[in-house]
Amino acid sequence: MDYKSQPVSGQSQLEMGALNGESVHESDDESLYSPEKETYNCSIPKIERGSSSGNSQASINVMLRNVYKSIKIVVFSNKLNLLIPFGPIAILVKKLNGGHAWVFFLSLLGITPLAERLGYATEQLAFFTGPTVGGLLNATFGNATELIISIYALKSGMVRVVQLSLLGSILSNMLLVLGCAFFCGGLVCHKEQRFKKETAVVNSGLLLMAVMGLLFPAVLHYTHTEVHSGQSELALSRFSSCVMLVAYAAYLFFQLKSHRNLYEALNEDGSSIEEGSNDDESAEISKWESIIWLFIMTTWISILSEYLVHAIEGTSIAWNLPLTFISVILLPIVGNAAEHASAIMFAMKDKLDISLGVAIGSSTQISMFGIPFSVVVGWMMGQRMDLDFQLFETATLFITVLVVAFMLQEGTSNYFKGLMLILCYLIVAASFFVHEDPSQGDDNQPKT
């Protein structure tokens, strides 16, 4: 009995020694030459090595499960993603055949789900940034498609395509996207929805400033009152673009810092929604997953945009469609897929301030940042990109801004206002379908 209890007693002494802070080496000296102790000591590194390899394998398995879950949520959860394979098919058709109409059509189909998923990834990122910054991110990445297409068109010397596609993006956001948001929100909520008219007034003022920036170069050109013919208009455009960029930077400070309380969304009772609150919703993917997906989608869109731009002119000839109609109507509808889906979704959830931030905020960003940015980039590339969008296009933008400003002045919306905006967009689309661009043969020829 005493012999059997000795190991237990020795073990308890070791434990007590360890607890009292005594050195373990004192215990080891008593059984320095014990084979059992030597075997026990030698086995410790083996256990540690096995444990570390097991942990690394477990971490790899967890990472693979997270990657699979992220791909399943982003790629396989939306039926629109069935159009994604048309992107690689467009590249293959271009390599094998070179038919411009097919390349344009397939690229258009391939970009559509990518633009929508770009908006989805931005919405997921907005869960970690709050509604104000989230709305700005949504507008920014929602316009990424148009800006990428514009840069590739500028590289090819297709200045007119850049002007028309950016103009079409503004018209699409202000009439079609906002109209669908008002229409769907009014039908689903069965009431007159409210939004902050103070923010709508600020955005309307910025849009009118953009119209002024586009109007003066056009009037200067068509009245033939330039001091230096062919140069004053370009110089005025570049100066006005720099001023507009400064104004947009000040607007960002106004929105995100000094008066951010104006851009807080409203609840049903009219109270502000606190930053970071998203009702019962939660992010489906993590912040870094959202950032990685934004990078992947933007890269893939930029690749397809290059093929899309080079096929525009051939498509215009093959389909017998005006280049203005393709640039102003077809391209923006695809590019604005993210804003379209987001604005309608938020309006149906009675979050009209966020819908307004997506639709009108996107139009403001294109007019006050996208267009001036393209002028500056064209200046750096040596392209004569200016703010003279021709009289027909400038007049269309001016009337559109006035119509939308009148719709927003009361701070309320309903399905009838949305229907009117949609019908206005149909009139604009029909106008560009029968409009022949006078500079079509001069300014949009790609450089070889």
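Is Thr315 buried or exposed? At 0% relative accessibility, Thr315 counts as buried, since the cut-off for buried is under 20%. The close-up views below are taken from a predicted model.

View 1. Thr315 is part of helix 12, which covers residues 312-319. Leaving aside residues up to four places away in sequence, Thr315 touches His100, Ala101, Phe104, Asn320 and Ile326. Gly99 lies 216 residues from Thr315 along the chain, and the C-alpha atoms of Gly99 and Thr315 are separated by 8.7 Å.

**View 2. The packing of helix 5 and helix 13.** Two packed helices are described by the angle between their axes and the distance between the axes. For helix 5 (residues 100-126) and helix 13, the angle is about 40° and the axes are 8 Å apart. Helix 5 and helix 13 are therefore oblique to each other. On the helix 5 side, the contact is made by Phe104, Leu108, Ile111, Thr112 and Ala115. On the helix 13 side, Ile326, Leu331, Val334 and Gly335 meet them. Sorted by class, this contact has seven nonpolar residues, two polar residues and no charged residues.

View 3. Two cavities of 30 Å³ or more are counted in the model. The second largest cavity has a volume of about 40 Å³. By class, the lining of the second largest cavity holds three nonpolar residues, one polar residue and one charged residue.

**View 4. Ser302 and its contacts.** Ser302 lies in helix 11, which covers residues 287-310. How is Ser302 classed, as buried or exposed? Ser302 counts as buried because its relative accessibility is 16%, and buried means under 20%. Apart from residues up to four places away in sequence, Ser302 touches Ile148 and Tyr152.

Technical notes: Residues numbered from 1 in each chain as written. Predicted model: local features only at pLDDT ≥ 70, side-chain atom pairs only at ≥ 80, totals over all residues. Heavy atoms only, no water. 1 Å grid on protein atoms, 1.4 Å probe; cavity = no way out; pocket = protein on both sides within 12 Å on 5 of 7 lines; lining within 4 Å. Points joined across faces, edges and corners; volume = space filled by probe spheres on them. Nonpolar A, V, L, I, M, F, W, Y, C, P; charged D, E, K, R; others polar. Helix = DSSP H or I, 4+ residues; strand = E, 2+ residues; numbered from the N terminus. Buried < 20%, exposed > 50% of the residue type's maximum accessible area, 1.4 Å probe, protein only. Contact = heavy atoms within 4.5 Å. Axes fitted to C-alpha atoms, helices over the stretch in contact; angles between N-to-C directions. Parallel < 35°, antiparallel > 145°, perpendicular 65-115°, else oblique.
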